[in-house]
Amino acid sequence: MFDLDGKVCVITGGAGSLGLAAARLLREQGARVALVDLDLAALDTAAETAFGANCDDILCLAADVSDEAQVRRTVARTVKHFGGIDVLLSNAGIFGTVAAIEDYPTEVFDKVMSVHVRGAFLMAKHVVPHMRDGGSIVLTSSVAATRGDPGVYAYITAKHALTGLMRVLAKDLAPRGIRVNAIAPGPIDNGFQKRVEDGLGAAIGRDGCAFFDEMIPMGRHGRAEEIAASVLYLASAQSGFTTGHLLMADGGMSV
């Protein structure tokens, strides 16, 4: 149903739970995957744990997605190893912090915007010339792209900006049949979310995980595999007439 046999997929933020879960699903459908993350040693370890030691269809690459020279090299290495590119999952991200506007560190705001927005822009800029017609770009956004919460200046601003980038890319690339969409997960049961909730819990004096569960109509966090299933749909021909769409995968949190 989701045949990706021989397709080449690039996934940034590849060492995280969502990146690995997406790689697993895409690979099960026949895709070859380039995983990109900052720390090559950590990425190699994560990939070996997830896929085993002998995976010729998995390529691990280290890059800072906010650095254009590193992005250019990463894309070139992927193309040299696999040929062209069919799918890009732009998934790299960091949270930043929570603070009042007068206290929010400017350098933290700049860093979050650089990883999320500049990183997604640079990946698209350098992947698109090598992407086969009919390909797919998926940006990892967040339920944060639909709301505002006190003190979450960098992360929420960045996720709203990704929606704009997605819409421009979708219009620009439609003549080539390249679809561009974004997924908007709610809280996921993973290390990234736990770090956010630990900080929140300390600030509000209660369990951060329970606080979020109360905001989600389904009453629980999502699983990385559930979010990856949305990536699989958007990466495959099953979403062949879907572009410029923000797909909510948030347990109803945005309703």
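**Entry 1: contacts and overall build**

I began with contacts in the protein chain, where contact means heavy atoms within 4.5 Å. Among contacts between residues at least 6 apart in sequence, 73% join residues at least 24 apart. I noted that this is a predicted model: local features need pLDDT of at least 70, side-chain atom pairs count only at pLDDT 80 or more, and totals for chains, interfaces and linings use all residues. Residues are numbered from 1 along each chain as its sequence is written, and side-chain values use heavy atoms, with hydrogens and water left out.

Next I looked up the secondary structure and found 8 helices and 7 strands in the protein chain. These are DSSP runs numbered from the N terminus, helices being H or I of at least four residues and strands E of at least two. The radius of gyration is 17 Å, close to the 18 Å that the globule rule gives for 255 residues, so the chain is as compact as a globular protein of that length. That radius is taken over C-alpha atoms, and the rule is 2.2 Å times the number of residues to the power 0.38. I read the span of the C-alpha trace along its principal axes as about 50 × 40 × 35 Å.

**Entry 2: burial and cores**

I looked up burial: 50% of the 255 residues count as buried. Buried means under 20% relative accessible area, exposed over 50%, and partly exposed in between (1.4 Å probe, protein chains only).

Then I turned to the nonpolar cores. A core is a set of buried Ala, Val, Leu, Ile, Met, Phe, Trp, Tyr and Cys residues joined through side-chain atoms within 4.5 Å. The largest has 35 residues, and M123, I137, L139 and V180 have the most contacts inside it. A second, separate core of 33 residues includes A23, L26, V33 and L89. In soluble globular proteins, nonpolar side chains tend to be buried together.

I checked L139 by itself. Not counting residues up to four places away in sequence, L139 touches S90, A120, L162, L165, M166, N181, A182 and I183.

L232 sits in helix α8, residues 224–235. At 8% relative accessibility, L232 counts as buried. Leaving aside neighbours within four places in sequence, I found L232 in contact with F2, L4, L25, L26 and Q29. L232 and A23 are 209 residues apart in sequence, yet 9.3 Å apart in space, C-alpha to C-alpha.

A210 lies in helix α7, residues 208–215. A210 is partly exposed at 30% relative accessible area. Its C-alpha is 21 Å from that of S17, 193 residues apart along the chain.

A92 is in the loop between β4 (85–90) and α4 (106–127). Beyond neighbours within four places in sequence, A92 contacts T12, G13, V65, V115 and H116. I also noted that the C-alpha atoms of A92 and A15, 77 residues apart along the chain, are separated by 9.5 Å.
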